[in-house]
Amino acid sequence: QVQLAESGGGSVQAGGSLRLSCVASGITYSRSCMGWFRQAPGKQREGVARIHSRSGSTDYSDSVKGRFTISQDNAKNTMYLQMNSLKPEDTAMYYCAAVGVSGMYTCPAFAVSYGYWGQGTQVTVSS
């Protein structure tokens, strides 16, 4: 059974930084993708960043490119999201997600493609 557990959220002022972590267990796919998604009140869940477990290939939404960095430590079964230069519009519940894939480089961009989800961690950025 796949389980994902996020941590690291909190409240910061604009311009500050946070690092989110997602510990995964039970993933048995030889190739998988993990991603960070976020959802603000009244808005749809949107993709933030994603990473391929084997190739390490990454992709980011335009809104976070250059400010956020996704990474993974396969030995610890942990994925990270380093968030710098945070803005009030980054305020949301952040979720990690996982899916098994057949390719080596491309990860799905949309939430509907991911079958496993964590409970989320809240990030609040004040101006």
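A nonpolar core is a set of buried Ala, Val, Leu, Ile, Met, Phe, Trp, Tyr and Cys residues joined through side-chain atoms within 4.5 Å, where buried means under 20% relative accessible area, exposed over 50% and partly exposed in between (1.4 Å probe, protein chains only). The structure is a predicted model, in which local features need pLDDT of at least 70 and side-chain atom pairs count only at pLDDT 80 or more, whereas totals for chains, interfaces and linings use all residues. Residues are numbered from 1 along each chain as its sequence is written, and side-chain values use heavy atoms, with hydrogens and water left out.

The protein contains eleven strands and zero helices; strands (E, at least two residues) and helices (H or I, at least four) are DSSP runs numbered from the N terminus. Its radius of gyration, taken over C-alpha atoms, is 14 Å, which agrees with the value near 14 Å for a compact globule of 127 residues; the globule rule is 2.2 Å times the number of residues to the power 0.38. Along the principal axes, the C-alpha atoms fill a box of roughly 45 × 30 × 25 Å.

Of the 127 residues, 40% are buried. The largest nonpolar core has 27 residues, and W36, L81, M83 and Y94 touch the most other members. At least two residues of this core come from each of β3 (18-25), β4 (32-39), β5 (46-52), β7 (68-73), β8 (78-83), β9 (92-100) and β11 (121-126). Another core, of seven residues, lies apart from it and includes C33, A97, C107 and Y114.

Contacts, defined by heavy atoms within 4.5 Å, show how M83 is placed. Not counting residues up to four places away in sequence, M83 touches G16, S17, L18, L20, R67, F68, Y94 and V123. Among contacts in the protein with a separation of 6 or more, 59% are accounted for by residues 24 or more positions apart.

G10 lies in strand β2 (residues 10-13) and counts as partly exposed, at 22% relative accessibility. Leaving out residues up to four places away in sequence, G10 touches L18, Q122, V123 and T124. The C-alpha atom of G10 is separated by 18 Å from that of T69, 59 residues apart along the chain. S61, by contrast, belongs to the loop between β6 (58-60) and β7. With a relative accessible area of 17%, S61 is buried, and beyond its neighbours within four places in sequence S61 is in contact with G47 and V48.
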